[in-house]
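Subject: A structure for you to look at

Hi,

Here is the structure I promised to send over. Have a look at it first, and then read on for what turned up.

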Amino acid sequence: MALDKTEYSMSAAEKMSNGAVGRNKNGVRVDRLDGHVHQNGSVKKEKRRPFIESFEKIPLLTAATTFIGFHLILLMGYITSIIFTPKVAREKNRKGYVPLYDRFESFYSRYVYRRLRDCWNIPICSCPGSEVTLKDRVTHDCGWTFEYTGTRSTALNLGSYNYLGFAQAEGSCSEDSAVKIKELGCATASPRIEFGTQKIHQELEALTAKFVGMEDAITFGMGFATNALNLPSIVSKGCLVVSDEKNHASLILGLRLSGATIDVFKHNNMESLRQVLHSAVIKGQPRSHRPWKKILIVVEGVYSMEGSIVRLPEILELKRQYKAYLYVDEAHSIGAIGRNGRGVVDYFGVDPKEVDILMGTYTKSFGSAGGYIAGSKAFIDHMRVNSHANCYATSMSSSCAQQIISSMKIIMGMDGTNEGKKRINQLARNSRYFRRRLNQMGIITIGNNDSPVVPMMVYMHSKIASVVRRLKTNNIAVVGVGFPATPLMEGRIRFCLSAAHTKEQLDNALVHVEEAADFLGLRYSRKRRSKEPVHYSDSESEVE
């Protein structure tokens with residue numbers, strides 16, 4: 001098996017970490033990281049299950065055919081554009097102006113993406129629960145236009161971030177939200193700093209701070225804007241941001257808007273991070289070589305495209321060593337991992353206050369909308385005054401806030417039941433079971449064993465569309481991801497698992513995935529495969 005050496009090379013930072021590092025019989029890296037549990041100011045170590053991540057490299061023949069196939073598609077597109085006049089509007093009366101649209105982007109959307117348009121942007125007519133209702137459509141001109149047939153179809157939903165199954169139209173959460181609409185209306189039509197703050201917003205912020213273990217929190221109506229509009233209030237010119245190369249677009253946009261200097265380290269690679277931090281401290285700012293005003297490390301809890309989990313204990317070691325600040329985006333980890341569903345700090349058992357800034361969204365595990373930033377009381381007070389989202393963006397709807405409060409109380413057990421714990425365990429069990437079954441088929445999956453995001457590597461552009469279409473025919477809705485959303489050689493199908501999925505639903509999906517793998521030749525993995533059956537109950541003992 002060929003592994004990414006940069007990802008798995010032993011580093012000095014990893015030797016400083018609390019865990020022992022080793023490899024299993026397949027050569028996959030296994031770290032036993034010891035968490036820290038803080039009780040009454042004391043610290044004790046708590047042993048955890050192995051931290052297992054796999055990033056198997058693309059086989060050479062597959063890489064060659066993927067590269068050749070993609071450029072054949074481009075060549076066919078150029079020939080088609082010469083022979084046939086495209087059915088698109090053109091810029092007119094623009095003499096002396098530069099083109100408003102990038103030529104390659106326009107070409108790519110017309111002659112590459114258009115051929116696969118039926119695989120994306122399919123209208124949905126229901127809540128994104130364990131199943132989803134799709135509005136059927138057809139195209140008679142190779143993807144230029146679509147017509148609706150007037151029919152609908154129900155499909156197993158393996159594409160939504162409904163991690164804990166709260167995105168549903170029935171139950172206590174939706175009932176509470178409906179009541180709040182009658183009491184407070186749909187919106188305030190005002191930013192928080194003016195007339196947009198209601199008691200329910202203050203209640204949500206207090207509950208969020210308690211949930212994540214921070215002193216205070218501030219909430220916003222949009223998850224993407226929580227990063228994009230708040231990072232400029234945290235860093236500015238003269239500051240250095242050390243960012244993981246796989247960070248989300250909202251983080252990248254926010255950092256660019258801030259004017260801070262950005263340095264990138266290899267994904268989840270602690271030696272690369274150490275080198276960047278060491279160089280930053282030694283050299284200082286360019287030209288003047290003055291010390292940086294501040295150094296901020298920006299990472300995610302769970303990376304939504306790779307399915308990997310941040311190596312938080314090791315990053316905290318480097319943060320302390322180089323006197324940097326740490327910003328953790330928990331959009332995909334809050335509610336989804338950890339014994340109590342409280343994100344990556346809960347997963348590793350570290351004190352949340354060791355992280356300077358915890359950011360997260362309510363759109364995934366809580367089945368609502370918006371985002372939050374949590375930290376010290378002084379920091380949050382600063383954000384209330386300086387945040388662009390708090391000053392100019394419309395405040396969160398009362399119904400969305402109530403949905404979050406109700407679901408968060410269930411997760412915390414404040415409703416008097418153990419429903420939240422059951423959902424957390426069910427999600428972890430589903431994630432490990434589904435990934436193990438795919439690995440046993442010889443399919444390459446990347447990321448962490450405990451991640452609810454399971455990327456299945458298909459590599460070739462044409463195979464992404466083929467898998468999506470075949471599974472949709474069998475009433476299974478999945479997300480295909482290719483260039484430019486991923487590197488050219490790393491096309492994939494991204495499964496997002498939920499606590500709402502049953503074993504029977506997952507088994508049905510796995511049957512059709514295996515049929516697609518046989519038909520399209522997706523068994524790329526060169527790992528040794530166990531012939532013993534994977535039992536659903538085997539994953540239960542590992543998450544309790």
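For the packing described below, contact means heavy atoms within 4.5 Å. Please keep in mind that this is a predicted model.

Let me start with helix α3, which runs over residues 60–83. Its buried residues are T62, A63, T66, F70, I73, L74 and G77, and they pack against α4 (103–111), β16 (453–459) and α16 (461–473). With 24 residues, α3 reaches 35 Å from its first C-alpha to its last, close to the 34 Å expected at 1.5 Å a residue. In the model, the chain over residues 58–84 is 89% helix and 0% strand, with its end C-alpha atoms 36 Å apart.

Next comes helix α8 (residues 249–258), where S250, L251, G254, L255 and S258 are buried. On which side of α8 do they sit? They are on the same side, because they cover an arc of only 130° around the axis. In general, an α-helix has 3.6 residues a turn, so residues three or four places apart point the same way. The exposed residues R256 and L257 are carried on the face of α8 turned away from its buried side. As for partners, the buried residues of α8 pack against α7 (223–228), β9 (240–244), β10 (261–265), β11 (295–300) and β12 (325–329). After α8 comes G259, which has a positive phi, near 85°.

Two single residues may also interest you.

Is S406 buried or exposed? It is buried: its relative accessible area is 8%, and the cut-off for buried is under 20%. Neighbours within four places in sequence aside, S406 is in contact with C173 and D176. With D176 there is a polar contact from side chain to side chain, at 2.9 Å.

The other is G213, found in the loop between α6 (199–212) and β8 (216–220). G213 has a relative accessible area of 22%, so it counts as partly exposed. Apart from its neighbours within four places in sequence, G213 is in contact with P352 and K353. The C-alpha atoms of G213 and L358 are separated by 9.8 Å, while the two residues are 145 residues apart along the chain.

Happy to talk any of this through once you have had a look.

Best wishes

Definitions and conventions:
Residues numbered from 1 in each chain as written. Predicted model: local features only at pLDDT ≥ 70, side-chain atom pairs only at ≥ 80, totals over all residues. Heavy atoms only, no water. Helix = DSSP H or I, 4+ residues; strand = E, 2+ residues; numbered from the N terminus. Expected span 1.5 Å × (residues − 1). Buried < 20%, exposed > 50% of the residue type's maximum accessible area, 1.4 Å probe, protein only. Polar contact = N/O pair within 3.5 Å; in protein donor to acceptor, adjacent residues only side chain to side chain. Arc of directions from axis to C-beta.
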